Amino acid sequence: MITFHLPSGEAIVPPDLAAIPDLAQRAVWIDLLRPTRPEELAVEKALSVEVPTREEMQQLELSRRLYDENGTLFMTATVLTGADSSHPESAGITFILLSDRLVTVRYTEPRAFQSFFAHRSAHLADHATPRTIFEGLVDAIVERLADIMEATGAMVEDLSQEIFRDQGGAPQPKGERPAQRNYNTILQKLGRASDLVARSRESLVSLGRVVAFFRETHKDDATALSTVEHFATVSGDFAALADYATFLSGKSSFLLDATLGMISNEQNAIIKLVSVAALVFGPPTLIASIYGMNFEHMPELHWVYAYPLAVLTMVLSAIFPYVFFKRRGWL
C-alpha cells in the first residue's frame, strides 16, 4: 500500500497504479507499506530513484544501509515493533530523503508512525518539508523507544519486588500455607524484559547511525542547519537512553541470577527433606528387615515381649540419629 502525504496535510491512497506518477510529484512524503513489486517500480519510475527491496533492507553492512546516491540519502534503521504484543520484533525501515520529498519503505506498522500521523495533522506547519517530516519521524520513534524502556523498567521493578518479597513476614491464616512464587512466570517475564531491552538498544544504535550519517552529509549545508542542530540534541537522548538500557540489562541479569539461586535453594530444601526422611526411616527399616527374615533359628521370635521390644527399638533408632544431627546443627 502506498500513501501520498500532500503539503496540505491530505493523505491519499491511489486507486490504481496509473495515479501514482501525478501523486508522486505532488506529495511531500510518500509512505510505502508492504509495497508490491509493481508499486515499487511505479514509484521508481515517477521519482527516478531505486527503491530498495526487502532483502536489501535486511543487509547488515553499513555501506548497504547508509549511502548517498547523487544527492539522495538512503538510510535504513532497525526499529522495535510489536512491543506490546507477545512477539516483539525488530524490522528495518528505509528513509529515502530527496531534495523535495521523503520516501519511507517499511514492512511493519510501528506505533511511532501512527503517532506521527496524528501529530502532523495537528501541527502541519511544523512538518511541511521532507526534512522536518524526517525529524518528526525520528523523534516519534525515539519517544516510543523511551516509553517502551520506561514500561520495561517498571516491569523489572515489579519483578524485583516479587522475587525478593518477604514470605515469612506477614502472618498466614490458620491452615493456609504461604503463597509460592511461580518461578516459571518470573523467568518468562525476565526473558521478555531482557529481549525488549536488547531490541531497544539495537534500535537506538541503528537510529544513532542514521542521525550521525545525516549530520555528516549536511554539516556544510546552511539550509539544513536547524535539522543538524536538532539531531545533535537527539544524539544526547540516544546516549541517555543507551545508559538506561545498560542499567536495565544489568538489573535483569542480576534478577535472573537471583531467581536461579532461589530455585536452587528450594531444590536443596527438598533434597534436604528427603535426606531427613531417609535418615529417620532408614534404621527402623533395617530392624524390620532383619526380623522379617524367615530363618528357623531366630530366638527373638519366641520371646513374649519380642514385638513391643522390636517396635521400641525401631522408634529409638529413628529418634536418636535425628536428635544427634539436630544438635550438631546439620539439620
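This is a predicted model: local features need pLDDT of at least 70, side-chain atom pairs count only at pLDDT 80 or more; totals for chains, interfaces and linings use all residues.
View 1. Residues are numbered from 1 along each chain, and side-chain values use heavy atoms, without hydrogens or water. A pocket is an open set of points on a 1 Å grid where a 1.4 Å probe fits, with protein on both sides within 12 Å along at least five of seven lines; lining residues have an atom within 4 Å of a point. Among the lining residues you will find R111, F116, H119, H127, D139 and R144. With six residues, α6 gives the most to this lining.

**View 2. The largest pocket has a volume of about 440 Å³.** Closest to its centre, of the 20 lining residues, are M57, R65, T78, A91 and G92. Five lining residues come from α7, the largest share. Helices (H or I, at least four residues) are DSSP runs, numbered from the N terminus.

**View 3. L286, I290, Y291, M293, F295 and L301 make a nonpolar surface patch of about 580 Å².** Patch residues have over 30% relative accessible area and no salt bridge, and nonpolar side chains are joined within 5 Å; a salt bridge is a Lys or Arg side-chain nitrogen within 4 Å of an Asp or Glu carboxyl oxygen. Look for F295 in the loop between α8 (225-290) and α9 (306-327). F295 is exposed, at 53% relative accessible area, where exposed means over 50% with a 1.4 Å probe, protein chains only.

Key:
Patches are made of residues with over 30% relative accessible area and no salt bridge: like charges are joined within 9 Å, nonpolar side chains (Val, Leu, Ile, Met, Phe, Trp, Tyr) within 5 Å. Accessible areas come from the Shrake-Rupley method with a 1.4 Å probe; for residues, only the protein chains shown count as cover. Helices (H or I, at least four residues) and strands (E, at least two) are DSSP runs, numbered from the N terminus. Buried means under 20% relative accessible area, exposed over 50%, partly exposed in between (1.4 Å probe, protein chains only). Grid points are joined across faces, edges and corners, and a volume is the space filled by probe spheres set on the points.
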